[in-house]
Amino acid sequence: MTELLRAEHLTRHFKIGGIMSRRTLHAVDDVTFSIGEREIVALAGESGSGKSTIARVLARVYKPTSGEVYFEDKPLSAIRSRRDGLRYSSLVPMVFQDPFASINPVFRVQHGILRIFKLHRPELPARQRPEEAARVFGVVGLSTDMLQRFPYELSGGQRQRVGFAQALAMRPKLILADEPVSMLDVSIRIGLLNLMAKLRDEEGVSILYITHDIASARYVADRLIVMYAGQIAESGPIEDVLTTPKHPYTQLLLSAVPDPMAPLSQVTDRGEPPKVVDPAPGCRFRWRCPLAIEECSAVTPVPAELLPGHEVACHVAQTGADVRAFAS
Amino acid sequence: MSEAHEILEVSGLSVDYVLPQGEIRAVDDVSFTVDRGEFLGIVGESGCGKSTLLFAVAQLLASPAHLAAGTVTFKGANLVGLTDKQLSAVRWRDLSVVMQSAMNALNPVKSIGAQFKDALQAHGKPSKQEIATRSAEVMRMVGIDPVHLKSYPHQLSGGMRQRSMIAMAMLFTPDLIIMDEPTSALDVVAQRALMMQIKELQQTYGFAVIFVTHDMSLISHFSDRLMVMYAGQIDELGATRTIFDRPLHPYTQGLLEAFPSIHGPRVPLKGIPGNPPDMALVPAGCRFHPRCPHAIERCTAIAPDLYPVDGDLVRCLRRKDGTLPDDPGAHLAQDGSVTL
């Protein structure tokens with residue numbers, strides 16, 4: 001698969017507390033991953049694990065503290081001019097979690113789309129814009145007359161489709177979708193997930209799908225990256241990771257997913273999130289991990305490939321031991 | 001179950017919102033009972049009236065919502081029409097409510113312990129010692145170290161805040177705890193831990209739970225009975241396991257098919273076409289008919305009642321007649337014509 005985007009040793013820290021404070025929040029620490037062409041990569045983890053920070057670094061909202069992101073082999077830090085910046089944001093647009101807050105309420109829906117054509121696709125003649133807007137709306141499953149509506153006239157699912165239409169209007173290569181379905185009703189979600197798959201299959205767009213919902217990730221994604229406390233715990237082809245999870249945290253996560261058709265697994269973990277303010281070296285999951293060994297409190301584990309394309313950052317798994325921390 | 005086991009009986013409850021553009025009926029003629037020690041799950045999408053129903057049961061409705069009809073009989077007494085003073089004798093002691101967002105439900109400028117003290121002092125004059133003992137006791141019940149009684153809400157994690165809300169609800173060991181999506185702000189692991197905790201406490205102390213959620217799969221292993229709401233009405237009411245194994249209403253079927261699973265083969269799902277109705281423009285006939293794959297002409301004209309089918313209650317004309325496609329003999333419609 002051709003690589004589209006690559007993040008190398010990406011790190012983003014935030015200073016917290018007052019101006020005299022020296023405390024640092026390690027939101028993302030030494031994260032390396034890539035996204036291929038026509039690929040949906042799911043980025044999963046609990047709140048505070050650094051998922052959204054990664055999306056914001058990729059969208060150039062935050063500059064990385066260290067590390068580099070390469071898009072089509074060109075580093076993002078080399079983007080200097082407004083023109084290059086606009087070009088990048090049109091190739092890598094974002095779709096946000098809250099469809100009620102991400103569309104301008106005082107304009108008709110078409111305003112956002114037409115403005116995108118004006119800003120990002122100057123080569124498109126003005127008289128062709130309405131036609132192109134209608135085409136984009138068709139792709140996301142909205143009728144053309146929706147273009148004339150105001151956002152308040154649309155349902156949550158329709159608004160989120162507008163969000164995807166706005167992203168698609170830029171002719172993107174990679175869409176950063178931060179929890180795009182979590183605020184929608186259950187009966188509407190599947191439609192949006194199907195739309196994401198359609199964008200990949202028919203429009204050739206890659207998607208970074210940020211979610212805390214593993215089941216929906218499995219439904220659309222090709223690859224899964226599991227984050228824990230700002231680091232990657234496990235990554236790989238999604239079916240491999242879900243059928244043979246190697247990291248104790250992935251196993252815990254899977255055991256807690258509610259599934260009406262499976263017997264109830266006993267989860268003893270309380271689900272207390274880790275502190276990532278000035279963390280000491282060592283595995284950040286070790287306090288919750290029933291398998292932690294001495295090495296875990298001394299050395300921070302680094303992802304290693306244990307199966308083809310399947311990387312795990314766990315000392316115990318890397319010894320070749322059969323990790324069964326939590327039964328799912 | 002005999003009448004004596006019933007702790008709550010809701011009968012013909014309707015709630016209207018009085019808005020400038022007219023009255024909107026958010027909850028329409030809802031009746032159900034809760035037995036002592038029972039766990040009743042209420043599921044539905046946003047705007048289906050599940051939270052409004054819950055507020056009506058707890059007598060917490062505020063303008064523009066008001067109770068249009070119905071009774072709420074709790075332990076033999078009708079709560080409807082009671083004054084705030086009369087209600088406060090019942091609240092916390094016999095019936096408590098855990099709200100969706102603990103961050104907003106807890107007072108941010110008071111320590112957890114001080115809030116427990118307030119609740120305890122609302123019913124009687126406990127001594128300092130009694131307050132301290134009981135507060136520590138309920139904190140231990142929900143698995144939080146009592147040192148956190150000195151903590152302020154912002155110092156606790158989301159899961160701990162929700163658990164301390166539940167601890168507070170249990171101060172008087174009430175007979176009924178009403179919970180409105182208490183886990184929706186939590187991660188899956190914390191969510192599961194909290195559900196196990198609630199179930200365990202319920203089994204130990206024998207209180208009944210009404211649990212409102214939009215996530216059916218969450219309560220599949222925890223609730224005894226399940227009530228599915230759509231557009232302000234009950235669509236289906238029955239034993240939880242039965243509903244998951246054999247959903248009767250097309251809406252319930254659609255909801256169950258809208259959840260991808262992490263087990264089994266990856267199959268394409270369709271969800272439910274369309275959107276939940278605007279409550280100001282409720283469709284005539286069956287309220288679900290514009291989204292229903294099995295709707296026939298009759299469904300657009302006749303508003304269905306709740307019919308008993310196989311021990312459950314279901315609001316579907318075709319299910320009552322046994323003409324839904326998954327019914328045995330469904331290919332033979334009543335008039336003898338064959339449908340597929």
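Reply: One term to begin with. A residue is buried if 20 or more other C-beta atoms lie within 10 Å of its own, exposed if 12 or fewer, and partly exposed in between, with C-beta atoms placed from the backbone. Also, this is a predicted model: local features need pLDDT of at least 70, side-chain atom pairs count only at pLDDT 80 or more, and totals for chains, interfaces and linings use all residues. Residues are numbered from 1 along each chain as its sequence is written, and chains are lettered from A and ligands numbered from 1 in the order in which they are written.

Me: Ok. Is A:Ile116 buried or exposed?

Reply: A:Ile116 counts as buried, because it has 23 C-beta neighbours inside 10 Å. It lies in helix H3 of chain A, residues 109–120. Helices (H or I, at least four residues) and strands (E, at least two) are DSSP runs, numbered from the N terminus.

Me: What does A:Ile116 touch?

Reply: Leaving out residues up to four places away in sequence, A:Ile116 touches A:Gln166, A:Ala169 and A:Met170. Contact here is C-beta atoms, placed from the backbone, within 7 Å.

Me: New topic. How many residues of chain A are in contact with chain B?

Reply: 35 residues of chain A are in contact with 33 residues of chain B. On the chain A side, the elements giving two or more residues are helix H6 (186–203), helix H7 (214–220) and helix H9 (248–256). H6(A) gives the most, with six residues.

Me: And which classes are on that side of chain A?

Reply: That side has 19 nonpolar, eight polar and eight charged residues. Ala, Val, Leu, Ile, Met, Phe, Trp, Tyr, Cys and Pro count as nonpolar, Asp, Glu, Lys and Arg as charged, and the others, Gly among them, as polar.

Me: Now chain B. What order do the eight strands of the open sheet take?

Reply: The order is S6-S7-S8-S3-S9-S10-S12-S11, with mixed pairing. Two strands pair if DSSP finds at least two bridges between them. Strand S6 (95–98) and strand S11 (307–309) of chain B are at the edges with a single partner strand each, so one side of each has no neighbour in the sheet.

Me: How about S9(B)? How many of its residues are buried?

Reply: Six of its six residues, 225–230, are buried. B:Arg225, B:Met227 and B:Met229 point one way, while B:Leu226, B:Val228 and B:Tyr230 point the other way. In a regular strand the side chains alternate between the two faces of the sheet.

Me: How does S9(B) pair with S3 and S10?

Reply: Strand S3 (residues 39–43) of chain B pairs with S9(B) in the parallel sense over four bridges. B:Val43 has B:Val228 as its bridge partner. S9(B) and S10(B) pair in the antiparallel sense over six bridges. B:Tyr230 is bridged to B:Gln233. Their hairpin has two residues between the strands, and B:Ala231 takes a positive phi near 50° there.

Me: Last one. At what angle do H6 and H7 of chain B pack?

Reply: H6(B), residues 158–169, and H7(B), residues 188–205, pack at about 15°, with axes 10 Å apart. Axes are lines fitted to C-alpha atoms, for helices over the stretch in contact, and angles run from 0 to 180 degrees between N-to-C directions. H6(B) and H7(B) are therefore roughly parallel. The cut-offs: under 35 degrees is roughly parallel, over 145 roughly antiparallel, 65 to 115 roughly perpendicular and the rest oblique.

Definitions and conventions: Two residues are in contact if their C-beta atoms, placed from the backbone, lie within 7 Å.
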